[in-house]
Amino acid sequence: MSILVNSNTRLLVQGITGKEGSFHTRQMLDYGTKIIAGVTPGKGGQKIEGIPVYNTVQEAVLNMGINTSIIFVPARFAIKAIYEATDAGIKLIVCITEGIPVLDMVKAYYYLKMKGSVLIGPNCAGVISPGKAKVGIMPGYIHKEGNVGIISRSGTLTYEVVYNLTKKGFGQSTCVSIGGDPIIGSSFVNILELFEGDSQTKAIVLIGEIGGADEEEAAKFIHLKMKKPVITLIVGKTAPPEKRMGHAGAIISGRTGTAQEKIKIFQNFSIPVAENPIQVVDLVSKVLDEKE
Amino acid sequence: MKIYEFQAYQIFIKNGIPSPWGKVAKTKEEVRKIAAKLGKPVVVKAQVQVGGRGKSGGIKIASTPEEAYEVAKSILNSKLKGTLVKKVFVQEFVSIKEEYYLGVTIDRSQKRVVIMISPFGGVDIEELVKTNPEKIYKFYVHPLLGFKSYQANKLASVITKEKNIVQGIARILSIIYRIFEEMDCSLIEINPLVVTKEGSLFALDAKIIFDDNALSRHPEISRLRDVEAEDYLEVRAKEAGISYVKIQGNIGCIVNGAGLAMATMDLIKHYRGKPANFLDVGGGANSQRVSTALDINFSDKQVKAVLVNIFGGITRCDIVAEGLFQALSKIEKKLPLVVRLSGTNEEEGRNKLKEITGILLADTMDEAARKVTEVVKN
């Protein structure tokens, strides 16, 4: 199985003619991802890496049968690209673009929910189901097919954890980078739920960091709803106190969002917390052994 | 992006939020003149971009121009929570009967703009959050509907029964919400919003933070930035596309990716070292950026050794090595450098670094963190 992306993924690349878009199109093709079409307004009719380019998402969807889109469009236009993909009926949208204004995301989030599309990101590294499909910018070769699911707000830290797991022989079912922005399409809880229902996934690694309250919600969800073991890693213990946002941040959540606070929440629910990326491997090994 | 109170005050005044008359000053003489011209008691407020300045002695009342001069003398050029005070805001003093709190921000978990109001404003608002969170009322704005005047009225009437005050607060709530949307803010706060003994409403403080992601569509806001208020190394980093925050410590860091950077700092601390900064060279870092990052670390006098931790994905290890090579060939005084390169083209990168003397190579980030803390200890 695996979640979100697999060998049935038929991918559209929005912003395919740009520097990032064309580079990663090549990389994803090399990994074996089925890229069906690309879109760049005004550049329809060309081919990039042998992939046909269309002017609009609608055209590409009608002609080619697409179920997933990845967005490399520059920040100024990225929000429109998200709306266009949603309106064309694409059910899974992965937005790599960094720097989308937060208030734009507040509206887009609502619209996506209304239309029933799932957004991963923005400002994320994407999704990979090793051996099946790579819809993102992560280096494919560090991954290995297996039964550990990974959810992370970060990019390179995820690679670090994956790399260590692979070296020790622990493959991954799917790795999801959900993004580091204040408003993101899919939360830890959304992805945990998918992993819980996935037959390939036997254990999950959740990588969190300072800021926001997503980790707290994840901890409650794991405690109440999950049977599969979850290992966590929370970074930012030494980070400078989050640039203070007046009083409002503390008022909303009643919390400060520090790493220590988050670690404590997981520990209170007896969810194992790794001290560092290397220790994640030991903890994964332990929970998988216990299962057998 | 943060701005000063007097800048936020100007935005408030322009948009019709009632605030006592005020003017910004750089010298104590100017402060005396402003107070004399006004002919009334004033409040002299330090202009710094850190919170809690009232409790730290950054806000003082003066009843005469002479007193204002003396007060300004004690505040100007003093350090408030580590920040040098270069400007003060001189504002007409008003007598306070009631203090309220108003705020607008984005609630990350609800994914909505939230408007907050409390009848118990003032310096102890955060204490109130812990003891009586129910005394702070929140309203979540529907993303497509926006914030309507009837909603503003309803929200305002929760904290007071006086009709004209309700109307006044509702009007202010509507205005700050409009500013929040139009100027792409991440926070607007009025703490306190006061009712004077004469029964007038006044915003006695003004705090606005803008969404950095939206600055490109608001050139007029970008111009409000005070580069001098920021650490010059931080400004330099920003110009080069590097995220950099200096903290107290002696081990400099150069890492690609924010999460990995934080993990690296945590690991340094785990080995009883003290990271000197958070430094993320970003995705797809080129040799120029790496070179600048090294330069920033070497310019920080507190830094005794530098740890480079790169996980090459899109970033290529050979390019990072090239950047280090170039930067080191230009710098005379060198600090110990521990480098860990993994991922794309790691072999080429490591080979390049072997040509440079004095670089300690590490295979894993754990080994790198251990080595750098040992280097500093000795």
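Me: How many Å apart are the C-alpha centres of domain 2 and domain 3 of chain B?
Reply: This is a predicted model. In it, the C-alpha centres of domain 2 and domain 3 of chain B are 42 Å apart.

Me: Which residues does each domain of chain B cover?
Reply: Domain 1 runs over 20-93. Domain 2 takes 95-229, and domain 3 takes 231-377. These bounds come from an automatic or database domain assignment.

Me: What box do the C-alpha atoms of chain B fill?
Reply: Along the principal axes, the box is roughly 75 × 50 × 40 Å. Chain B has 378 residues, and 47% of them are buried.

Me: How many helices and strands are there in chain B?
Reply: Chain B holds 13 helices and 18 strands. Look at its contacts too. Take those between residues at least 6 apart in sequence: 68% of them join residues at least 24 apart.

Me: How are two packed helices described?
Reply: By two values: the angle between their axes and the distance between the axes. The crossing is right-handed.

Me: Which residues make that contact?
Reply: Helix 9 of chain B brings Thr264(B), Leu267(B) and Ile268(B). Helix 13 of chain B brings Met365(B), Asp366(B), Ala369(B), Val372(B) and Thr373(B). By class, the residues of this contact are 5 nonpolar, 2 polar and 1 charged.

Me: Now chain A. Is helix 6 roughly parallel or roughly perpendicular to helix 7?
Reply: Start with the angle. The axes of helix 6 (residues 188-196) and helix 7 of chain A cross at roughly 30 degrees and come within 9 Å. Angles under 35 degrees count as roughly parallel, so helix 6 of chain A is roughly parallel to helix 7 of chain A. This crossing is right-handed.

Me: Which residues of helix 6 and helix 7 of chain A make the contact?
Reply: From helix 6 of chain A come Phe188(A), Val189(A) and Leu192(A). From helix 7 of chain A come Asp214(A), Glu215(A), Glu217(A), Ala218(A), Phe221(A) and Ile222(A). They divide into 6 nonpolar, no polar and 3 charged.

Me: How many residues of chain A are in contact with chain B?
Reply: Chain A puts 50 residues in contact with 56 of chain B. Several elements of chain A supply at least two residues each, including helix 5 (156-167), strand 12 (203-209) and helix 10 (277-291). Helix 4 of chain A gives the most, with 6 residues. The chain A side divides into 28 nonpolar, 12 polar and 10 charged residues.

Methods. Residues numbered from 1 in each chain as written. Chains lettered and ligands numbered in written order. Predicted model: local features only at pLDDT ≥ 70, side-chain atom pairs only at ≥ 80, totals over all residues. Contact = placed C-beta atoms within 7 Å. Helix = DSSP H or I, 4+ residues; strand = E, 2+ residues; numbered from the N terminus. Nonpolar A, V, L, I, M, F, W, Y, C, P; charged D, E, K, R; others polar. Left-handed = near helix turned anticlockwise from the far one by under 90°. Buried ≥ 20, exposed ≤ 12 C-beta atoms within 10 Å, placed from the backbone. Axes fitted to C-alpha atoms, helices over the stretch in contact; angles between N-to-C directions. Parallel < 35°, antiparallel > 145°, perpendicular 65-115°, else oblique.
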